[in-house]
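Biologist: I have not seen this structure before. Can you take me through it?

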Amino acid sequence: MAVPLFETENLEFSYNSRQSRPSLDNINIAIHKGVRAVVLGANGAGKSTLFYQLNGVLKPKKGVVKYNGKPIDYSQNSLYALRNEVCVAVQNPDEQIFSVTVEEDIAFGLFNTGVHREIIDKSIDDALFKVGMAGYRKKPVSQISKGQRKRVALAGAFAVNPKVLILDEPTAGLDPQTSCEVMEAIDQISITGTSVIISTHDVDLAYAWADEIYVLKNGKMIYSGEPGAFFSDKKSVISAELAIPHSFSVNSYICSMRGESETPYPRTDSQVICKILPSDAKVGKIRLIRTSKSVPDIGKIDERIGIYGFNTRRLFMDSGLPVDYNFNAVEHCIIEALNGNNVTLYCDECIADKIDSRIKSLSQFGKCPEVI
Amino acid sequence: MSGSDLVNISTKNLSFSYKYSYTKSLNNITINIKNGVKTVILGSNGAGKSTLFFQLNGVIKPDIGSVKIDGVTLKYRRKDLKFARSKIYIVFQNPDEQIFGQTVEDDIAYSLRNIGMSKDLIAERVEDALFQTGLTEIREKSTLQLSYGQKKRLIIAGAIAMRPKVLIMDEPTAGLDPQMSLEVMEIIEYLHYNGTTIVMSTHDVNLAYAWADEINVLRKGELIYTGVPETFFSDLPAVYSSGMILPSIFVINKSICSMKGISEAPHPRTETQLFSKLASGPKGTLIIADIKNIENIPEGTHIGVFGVIAKKTVNDRKLKVDYCFNGFELCVGDCISGTNATLICDAGCIPLVEYKLSILRNMGSDIPYRTLGRGDA
């Protein structure tokens, strides 16, 4: 088996000796490369503390943290090398913003990691675009809202293009569409090769996004593995002070009503709808179009249009083409098709295959829209 | 609870800009907040939700337009503001901006002392507010040592102690983890049921949909919608242009109805309402027990808790409970699936539970229930 990206062995940590219990108690995790990992837990469960162990900001009191199979060495040089590859975006942006203007702040991280000056300019533009803050480059950070500062902090992390991106509550405090935009950026980054680890207490988000979840409760890890099995144990969910995701309870109820098996667990609205769709239902087609560098010729179609991916978004925004589903478009297009209508989804070349297979994987739940 | 349409707070053509700002934070807002109506102000970050709230009790004075409270136009003299603030209380989003006392009980008493209330009455009010928010145990704790969730509950306790007619809450569940938000929502539900008019701001569409009678949607300082949530969420361009998304339950109901060829209305807003609409087959019985009847609970059912007092009693007596939060939803979920369940709740909450069951009945599921110590219903 491959060497895990991150591995901890009997990790223990307390902030001071007077604590009644350690902040992290005997944590053993193994997060593999490319796996979408979520650390789930209530406020105070130890999520952020765990993250600070992973990039060497905090040193465990007992146990080891290994990165790519090697224990982290806490010398200045190796920490510098580690942080070049592993980037943590903390929950509160104000702890991570150091500069006067938005662009300076994003450049700060880039300078530190030794990126060439000529590349920096474009990197700043790209990173701001990814978080929907393209027009804010010259703004003073003191004049933008907290949600916007949060996105600047995320853009700073995206800009350095790390191998591993660790995001502490990336959507906390953001409104729904902005959250979707940020999650879309994270999705694309993870599809194109960066390993992403997220912490959250938003169970719906965790359930929809994660391949694997690590559940923390009072500093102890009480579950690791695929999300479905955890949420089917109501008692553990409640004792970890979490809630049951909407998709999970809707599915479990509908299955008990129909006397069907709850697995495979649908994790998004579209998967739920797919599962309850009658077998004779008429399903629309999804026209998946890979966008190239030039503006696509939409022509005259009376189907709804969705866009997904940075490049596509930029093309459509620059040219002012009409779009129906601007965000969370994959999900929207699938639901539209399941409701019997044809739709068109424009998406970036580099993620198109993944999106294609994501749509096709719906067949495990029931009738799935044809991709053309 | 008053069912009258008497307007409690209203604004007329209200506009406001912050100093040095080129754009209007609020532009020509005319809004009516009615007595007893669960009102949500929905909007993305920066839409103007908090700015609007500060107009409603006179913290900020509009540039143009006016605010009326119980039909009387608000003047900004000291006496008028004092009157407005005795009726309307704002709970801020960030609790650190609103906690002044050294200890929990001291903080709750702070506003009461400010309005010159007698010592005896203050003691009584503080006691009651501590109890309703489940903070009695930590009444002497320093406010510096509280967790975020405790601070949120403390500022709600401060509000409860003032017994305002209208309670305005700015993002009451923001930053809370799932169980704590449900706990706060239970407190809010209880207060509303007992006659306080509650207005809350949020950008959580699922929460807004489940709770609100009426939503007011703000977009970049303009009011773009007022009315029942369903009409707004049926208008996709409006939803998207205001930075919102569709609530999960709304999407699922819509798809199921279009598949089955049935009407989308009545619109379920919660999971149990959705299940009630879809369910067929026999239902389990919901056994409702107030805390005096805990000993009489039959064995063999799942047990849930609803209400702060019930929760505290269950904790103190170390009773084994299956659903220690979101008790109503989870117990009723069991009943719809055909098994019996028991809900332990505050005596004062029983009518509220009955009311919630009546909504499920309208959705199509008549869940039989009996209240312990009261004979069979």
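Biologist: What does the model score for ipTM and pTM?

Modeller: The ipTM is 0.81 and the pTM is 0.86.

Biologist: And what is the average pLDDT of chain A?

Modeller: Chain A averages 90, and 99% of the residues score at least 70. pLDDT is the predictor's confidence in each residue, from 0 to 100. Helices (H or I, at least four residues) and strands (E, at least two) are DSSP runs, numbered from the N terminus.

Biologist: What about chain B?

Modeller: Chain B has a mean pLDDT of 90, with 97% of its residues at 70 or more. Over residues 1-5 of chain B the pLDDT is below 50, and this stretch has 5 contacts in the model beyond near neighbours in sequence. Contact means heavy atoms within 4.5 Å. Where pLDDT is low, the predicted coordinates should not be read in detail.

Biologist: Pockets next. What volume does the second largest pocket have?

Modeller: About 710 Å³. A pocket is an open set of points on a 1 Å grid over the protein atoms alone, where a 1.4 Å probe fits, with protein on both sides within 12 Å along at least five of seven lines; lining residues have an atom within 4 Å of a point. The volume is the space filled by probe spheres set on the points, which are joined across faces, edges and corners.

Biologist: How many residues line the second largest pocket, and which lie nearest its centre?

Modeller: The lining has 25 residues, and A:C87, A:V88, A:Q96, A:G109 and A:N112 lie nearest the centre. Helix α3(A) gives the most to this lining, with 5 residues.

Biologist: Over to A:S179. Buried or exposed?

Modeller: A:S179 counts as buried because its relative accessibility is 14%; buried means under 20% relative accessible area, exposed over 50%, and partly exposed in between (1.4 Å probe, protein chains only). A:S179 lies in helix α6 (residues 176-191) of chain A. Its side chain reaches the backbone oxygen of A:L174 at 3.5 Å. Leaving aside neighbours within four places in sequence, A:S179 is in contact with A:T171 and A:L174.

Biologist: Now chain B. Where is B:D290?

Modeller: B:D290 is in strand β11 (residues 286-290) of chain B. With a relative accessible area of 12%, B:D290 is buried. Not counting residues up to four places away in sequence, B:D290 touches B:C345, B:A347 and B:I350.

Biologist: And where does B:K141 lie?

Modeller: B:K141 lies in the loop between α4 and α5 of chain B. At 27% relative accessibility, B:K141 is partly exposed. The C-alpha atoms of B:K141 and B:E105 are separated by 8.4 Å, although the two are 36 residues apart along the chain.

Biologist: Which residues of helix α3 of chain B are buried?

Modeller: B:V104, B:D107, B:I108, B:A109, B:S111 and B:L112. What covers them includes β6 (88-91), α4 (119-132) and α5 (148-161) of chain B.

Technical notes:
Residues are numbered from 1 along each chain as its sequence is written. Chains are lettered from A and ligands numbered from 1 in the order in which they are written. This is a predicted model: local features need pLDDT of at least 70, side-chain atom pairs count only at pLDDT 80 or more; totals for chains, interfaces and linings use all residues. Side-chain values use heavy atoms; hydrogens and water are left out. A polar contact is a pair of N or O atoms within 3.5 Å; within protein, one must be able to donate a hydrogen and the other to accept it, and residues adjacent in sequence count only if both atoms are side-chain atoms.
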